Amino acid sequence: MYNPYAQQADDANSKQQKPFVSTAQPFTNQNGHFTQAGYNQQQQHQQQQQQQWNNNIQTPHQQQQNIQQQNNIPDTQGFNTLLNDPAAQMGLRFSQSAFNASQQYMQQNIKQLVSDENIKYYFKVSNSYVLKKLLLIIFPYRNKTWIRQFRTTTDAQGNSFEIYSTPVDDSNAPDLYIPSMALMTYILLWAVMSGINGDFHPQLLGYALTRTIAFYIVDILLLKISFYALSINSKPSKFLDLVSYSGYKFVTTLLLMVVKHFFSSYFIIIAFFFALIFSLGFFLMRSLRYVVLPSGMDSGAISPGSKRLRTQFLFFYSFVIQAVLIWFMA
């Protein structure tokens, strides 16, 4: 049966698939003869018609690729407009200046805190000093004087002034050698005892160090906040002095761990715990007295009520807070 719609579809497909054939006649002169210029023009005309025909029958896949390529071209006009905006430039300059100022402030303060002279002072120790200091922490009752010694020094301009003596010359001076060595020994001893009990794993070292450093930081922050609340002038001591005094509790913690390992009696452990805590508290009270309760000209500015509060704080920090921290760590 004859179908007119099918015939129209076949005609359309044949027209789409049929290649281009030019019907134009070559260019000739007035006499009807063929010329080279006319032939070149005819070839250009055929190429243009062929290109137009190819564009018309371009497949949908090729059209989609062309659209994607056009969309992938980066639009830098908005970015250039943002850079040329005066408000954006002002914001960039302000953020850059703020970053440089904060970086300079941090560098100055960190350099002042951990300068070579400060660090060297706390590590100028000797074998005799370490032995005296350990005995002073464990049994401080026979020490006759707790006053720190001074020595005279001269600066670059020739001015002489007094500063605290180094730990080598003064057993009452704070140091960072004993706290740092006690901290590392505490971590290693914890790992050894866990290995003896069959509970050691590699992650234990990181856990023990992180946990101990957290207790250490909390102790120092509590001490600084208390100084600020009680209006205690910490100029007679540096920040590293407080770090040193707070780190001496690791010696007591080590001794308590050894006692707990060799003695299973709960009564003996509790007796050693209170004895060690009392010794450490007595040591800290006498050592921090020159900061919390200064003598001389500074003592006249402290009222009786403030002096009573400072004494109570010093007792609470030296005995109660240290006892809680040591109990959790040991």
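The dialogue below goes through several features of this predicted model.

User: How many helices and strands does the protein chain have?

Analyst: Helices (H or I, at least four residues) and strands (E, at least two) are DSSP runs, numbered from the N terminus. Here the protein chain has 14 helices and two strands.

User: What share of the residues is buried?

Analyst: Buried means under 20% relative accessible area, exposed over 50%, and partly exposed in between, with a 1.4 Å probe and protein chains only. Of the 330 residues in the protein chain, 28% are buried. Helix 10 (239-247) is mostly covered, with eight of its nine residues buried. Among them are Leu240, Asp241 and Tyr245.

User: What share of the contacts is between residues 24 or more positions apart?

Analyst: Contact means heavy atoms within 4.5 Å. Taking contacts in the protein chain with a separation of 6 or more, 71% are between residues 24 or more positions apart. Tyrosine 129 in helix 7 gives a local case: its C-alpha atom is 8.3 Å from that of aspartate 169, 40 residues away along the chain. Not counting residues up to four places away in sequence, tyrosine 129 touches Pro167, Asp170, Ser171, Ala173, Pro174, Asp175 and Tyr248. Its relative accessible area is 2%, so tyrosine 129 is buried.

User: How is the packing of helix 8 and helix 9 described?

Analyst: Two packed helices are described by the angle between their axes and the distance between the axes. Axes are lines fitted to C-alpha atoms, for helices over the stretch in contact, and angles run from 0 to 180 degrees between N-to-C directions. For helix 8 (residues 177-196) and helix 9 (residues 203-229), the axes come within 10 Å and cross at roughly 140 degrees. Angles under 35 degrees count as roughly parallel, over 145 as roughly antiparallel, 65 to 115 as roughly perpendicular and the rest as oblique. Helix 8 and helix 9 are therefore oblique to each other. The contact includes Tyr186 and Trp190 of helix 8 and Arg211 and Tyr216 of helix 9.

User: How do helix 11 and helix 12 pack?

Analyst: Their axes are 10 Å apart, at an angle of about 170 degrees. Helix 11 and helix 12 are therefore roughly antiparallel to each other. Lys249, Thr252, Leu255, Leu256, Val259 and Lys260 in helix 11 meet Ile269, Phe272, Phe273, Leu276 and Leu280 in helix 12. These contact residues divide into eight nonpolar, one polar and two charged; Ala, Val, Leu, Ile, Met, Phe, Trp, Tyr, Cys and Pro count as nonpolar, Asp, Glu, Lys and Arg as charged, and the others, Gly among them, as polar.

User: Which helices do the buried residues of helix 11 pack against?

Analyst: They pack against helix 7, helix 8, helix 9, helix 10, helix 12 and helix 14. Threonine 253 is found in helix 11. With a relative accessible area of 0%, threonine 253 is buried. Leaving aside neighbours within four places in sequence, threonine 253 is in contact with Tyr186, Ile326, Met329 and Ala330.

Terms used:
Residues numbered from 1 in each chain as written. Predicted model: local features only at pLDDT ≥ 70, side-chain atom pairs only at ≥ 80, totals over all residues. Heavy atoms only, no water.
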